[in-house]
Amino acid sequence: MNVHSPHERRPLAQSTARRDAAHFIDGAFTTGTTGKSWQNLCPVDGSAIGTVPEGGEAEVDAAVKAARAALDGPWGSMSVTERTDLLGAVADEINRRFDDFLEAECLDTGKPMSLASHVDIPRGAANFKMFTDVAKTVATECFPMPTPDGAGALNYALRRPRGVIAVISPWNLPLLLMTWKVGPALALGNTVVVKPSEETPLTATLLGEVMNKVGVPRGVYNVVHGFGPDSAGEFLTRHPLVNGITFTGETRTGEAIMKQAAHGIRPVSFELGGKNPALVFADCDLDKAIEGTMRSVFSNCGQVCLGTERVYVERPLFETFVARLKQGAEALRLGRPEDPATGLGPLISKEHQGKVLSYYRKAVEEGATVVTGGGVPAMPAELAGGSWIEPTIWTGLSDDAACVTEEIFGPCCHIRPFDTEAEAIRLANGTPYGLAAAVWTENLSRAHRVASRLDVGICWVNSWFLRDLRTAFGGAKASGIGREGGVHSLEFYTEMTNVCVKL
Ligand code: NAD
Ligand code: 6OD
């Protein structure tokens with residue numbers, strides 16, 4: 001993770017400071033009309049942060065219509081320069097209110113502030129800045145052609161905004177992943193309705209304040225809170241005035257949304273789950289491979305779609321690697337977000353803790369050797385209500401075990417030895433997923449060869465989560481549809497019209 005913040009941190013506000021969330025529709029905050037709401041719980045200690053209103057069909061309809069009106073009104077008639085200047089101001093305002101975003105994100109997720117202040121919040125701002133640059137330099141093709149009468153014709157392409165974009169985002173990197181879609185959508189002239197994860201409503205709400213502060217016209221950015229099926233998520237993706245759906249989340253949710261999108265033939269862009277491999281060759285720089293694998297397995301408590309859950313190590317290095325990773329895992333300190341010594345926060349919720357623990361039990365039933373972890377850690381009394389989990393390493397599972405093939409989304413991995421490069425590639429490609437891989441080797445030829453044979457959207461060599469936002473980001477196989485990032489985002493966020501002019 002290579003984004004650095006120039007900001008000093010202030011301590012996380014005690015969770016006694018309640019923060020109620022609200023929908024942000026047509027430039028105004030509202031709790032809507034359903035009368036339904038839920039309590040937002042902090043995963044650090046289970047305390048209530050505040051209330052979140054659940055949007056229904058009326059809130060979704062109002063938000064989508066506001067987005068359409070903005071598109072047909074002030075937003076649609078702005079020049080690229082006016083639009084991108086405003087979005088640059090959004091990025092600046094996120095940076096100015098850095099600590100507000102940081103506090104909100106850490107209350108919602110429980111993640112260490114050291115992580116959120118270096119990754120989540122700076123990327124929230126960078127996602128706006130980057131796509132203003134892309135929008136200002138969009139080029140299109142032009143084909144002059146001969147015609148039988150000799151006069152000729154000129155074909156040129158126009159890129160137009162796709163329209164009203166539904167953004168459905170997850171809880172693991174809430175601001176980062178939401179703005180990764182809102183940034184390009186707005187820069188390229190669309191308007192958005194965001195349905196943030198029900199677990200993490202705060203930063204999407206806060207971004208509404210930023211939009212108003214810098215003067216983004218009302219209706220351009222809207223937020224409706226709620227759940228998925230039979231709630232705001234489903235109502236939004238089924239709404240007939242939505243022109244495209246961009247979604248980050250679980251693969252099986254993607255399947256449900258695809259069915260919802262089929263109504264009206266709306267295009268989708270999907271960033272989905274993963275079961276990502278790391279391939280560690282005996283010729284690697286071991287210290288770097290251990291440091292990188294520690295991050296890829298345990299960062300954000302293992303709740304990163306790009307994270308490693310399967311580690312394949314060339315046999316001569318196997319015992320040493322397992323011992324070193326065990327040592328690293330056992331040195332991780334679990335604690336509160338604001339403690340600079342905290343290396344591991346809690347899982348997002350009690351429900352997710354239950355899911356991860358069920359895999360911890362299943363690994364044992366499937367015959368794993370538990371190298372370290374495997375349960376719930378003893379925490380001080382004031383944190384006992386949190387969703388804490390031990391960092392866990394297994395060996396000895398078969399290649400078709402559930403814990404080797406299914407995404408767990410927790411701080412855990414299985415380590416298995418391999419003997420040949422071909423075997424490592426076969427094992428790495430052996431799941432329905434294809435999001436990311438990490439290859440650790442000092443042999444440059446091997447690095448290129450292996451990278452070209454992995455069925456993944458992103459392959460890191462001797463690194464992990466090193467991001468250049470100009471590059472194509474997305475997953476192969478069951479890990480996604482389409483690519484976003486840099487000019488690749490034009491594919492989903494714009495419609496192309498070919499204009500053929502007979503001269
Ligand atoms: P999730 O699929 O449970 O939920 C994501 C969002 O979809 C939430 O806002 C949820 O309310 C909404 N939703 C659920 N059902 C819906 C429906 N039927 N219609 C409309 N909206 C619906 O995912 P999560 O648990 O929030 O996030 C974790 C998952 O996300 C993991 O599988 C992880 O791998 C994946 N993820 C992928 C990437 C990537 O870039 N590929 C990035 C981050 C997370
Ligand atoms: O870095 C990004 O742009 C990105 N989409 C990261 C996804 C991380 C998944 O948890």
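1. A polar contact is here a pair of N or O atoms within 3.5 Å, and that cut-off is what brings Leu272 into the discussion of ligand 1, since a backbone N or O atom of Leu272 lies 2.6 Å from a nitrogen atom of the ligand. An oxygen atom of ligand 1 is also 2.7 Å from an N or O atom in the side chain of Lys195, and a backbone N or O atom of Glu250 lies 2.9 Å from an oxygen atom of ligand 1. The protein covers 93% of the 850 Å² of accessible area that ligand 1 has on its own. Please keep in mind throughout that this is a predicted model.

2. Helix 11, residues 286-298, has 13 residues and reaches 18 Å from its first C-alpha to its last, which is close to the 18 Å expected at 1.5 Å a residue. Just after the helix, Asn300 takes a positive phi of about 55°.

3. The buried residues of helix 11 include Leu286, Ala289, Ile290, Thr293, Met294 and Val297. Against what do the buried residues of helix 11 pack? Their partners are strand 12 (276-280), strand 13 (308-314), helix 12 (318-331), strand 15 (392-395), strand 16 (412-418) and strand 18 (436-440).

4. His239 has its place in the loop between helix 9 (232-238) and strand 10 (244-248). Is this residue buried or exposed? With a relative accessibility of 9%, His239 counts as buried, because buried means under 20% relative accessible area. Leaving aside residues up to four places away in sequence, His239 touches Val60, Asp61, Val64 and Arg266.

5. A search of the whole structure finds 13 aromatic pairs. In one of them, the rings of Phe247 and Phe270 have their centres 5.6 Å apart and their planes at 80°, so the pair is edge-to-face. This pair links distant parts of the chain, with Phe247 in strand 10 and Phe270 in strand 11 (residues 268-271), 23 residues apart. Phe247 counts as buried at 3% relative accessibility, and Phe270 is buried with a relative accessible area of 1%.

6. Trp464 and Phe465 also form an edge-to-face aromatic pair, at 5.4 Å centre to centre and 75° between the planes. Trp464 is buried with a relative accessible area of 2%, and Phe465 is buried at 5%. Elsewhere, ring pairs link Phe24, Phe29 and Tyr221 into a cluster.

Terms used. Residues are numbered from 1 along each chain as its sequence is written. Chains are lettered from A and ligands numbered from 1 in the order in which they are written. This is a predicted model: local features need pLDDT of at least 70, side-chain atom pairs count only at pLDDT 80 or more; totals for chains, interfaces and linings use all residues. Side-chain values use heavy atoms; hydrogens and water are left out. Helices (H or I, at least four residues) and strands (E, at least two) are DSSP runs, numbered from the N terminus. The expected span of a helix is 1.5 Å times one less than its number of residues. Buried means under 20% relative accessible area, exposed over 50%, partly exposed in between (1.4 Å probe, protein chains only). Contact means heavy atoms within 4.5 Å. A polar contact is a pair of N or O atoms within 3.5 Å; within protein, one must be able to donate a hydrogen and the other to accept it, and residues adjacent in sequence count only if both atoms are side-chain atoms. Accessible areas come from the Shrake-Rupley method with a 1.4 Å probe; for residues, only the protein chains shown count as cover. Rings of Phe, Tyr and Trp (its six-membered ring) pair if their centres lie within 6.5 Å; planes under 30 degrees apart count as stacked, over 60 as edge-to-face and the rest as tilted.
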